[in-house]
Amino acid sequence: MLSCKELVASSSDFLDGQLRLRQRIAVRLHLASCSNCRRFIRQMRVTQAVLRKLPDEPIPELDSLAKRLAEIQQGR
Ligand SMILES: [Zn+2]
């Protein structure tokens with residue numbers, strides 16, 4: 001079973017469709033049983049969508065979100 005930290009570590013690859021089938025299944029299994037990570041992935045999706053739409057504009061809210069994501073990833 002994937003840990004939450006492992007899920008966070010592979011979340012961007014997951015969202016980009018870069019994971020191998022086995023990893024993707026592990027992520028999906030984890031998401032099925034972990035509401036925290038479901039929320040995290042949803043937030044990542046929103047962030048990516050916003051970043052794609054507004055590539056050049058600095059957005060204070062995104063800065064703080066990015067900071068939080070960095071903190072989460074440092075907790076590996
Ligand atoms: Zn989790």
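First note: α1 and α2 cross with left-handed geometry. I'm working from a predicted model here.

Helix α1 covers residues 4-16 and helix α2 residues 21-33; their axes come within 10 Å, with a crossing of roughly 120 degrees. The cut-off for roughly perpendicular stops at 115 and roughly antiparallel needs over 145, so I logged α1 and α2 as oblique to each other.

Then I looked up who touches whom. From α1, I get Cys4, Leu7, Ser10 and Phe14; they meet Arg24, Val27, Arg28, His30 and Leu31 of α2. Sorted by class, that contact holds five nonpolar, two polar and two charged residues.

On to helix α3, residues 35-53. Its axis and that of α1 come within 10 Å and cross at roughly 35 degrees. I have this crossing down as right-handed. On the α1 side, I listed Cys4, Leu7, Val8, Ser11, Ser12, Phe14, Leu15 and Asp16, and on the α3 side Cys37, Phe40, Ile41, Met44, Arg45 and Gln48. The class tally for α1 with α3 is nine nonpolar, three polar and two charged residues.

How many disulfides does a search of the whole structure find? The search comes back with zero.

Methods:
Residues are numbered from 1 along each chain as its sequence is written. This is a predicted model: local features need pLDDT of at least 70, side-chain atom pairs count only at pLDDT 80 or more; totals for chains, interfaces and linings use all residues. Side-chain values use heavy atoms; hydrogens and water are left out. Axes are lines fitted to C-alpha atoms, for helices over the stretch in contact, and angles run from 0 to 180 degrees between N-to-C directions. Helices (H or I, at least four residues) and strands (E, at least two) are DSSP runs, numbered from the N terminus. Angles under 35 degrees count as roughly parallel, over 145 as roughly antiparallel, 65 to 115 as roughly perpendicular and the rest as oblique. A crossing is left-handed if the near helix is turned anticlockwise from the far one by less than a right angle, and right-handed if clockwise. Contact means heavy atoms within 4.5 Å. Ala, Val, Leu, Ile, Met, Phe, Trp, Tyr, Cys and Pro count as nonpolar, Asp, Glu, Lys and Arg as charged, and the others, Gly among them, as polar. A disulfide is a pair of cysteine sulfur atoms within 2.5 Å.
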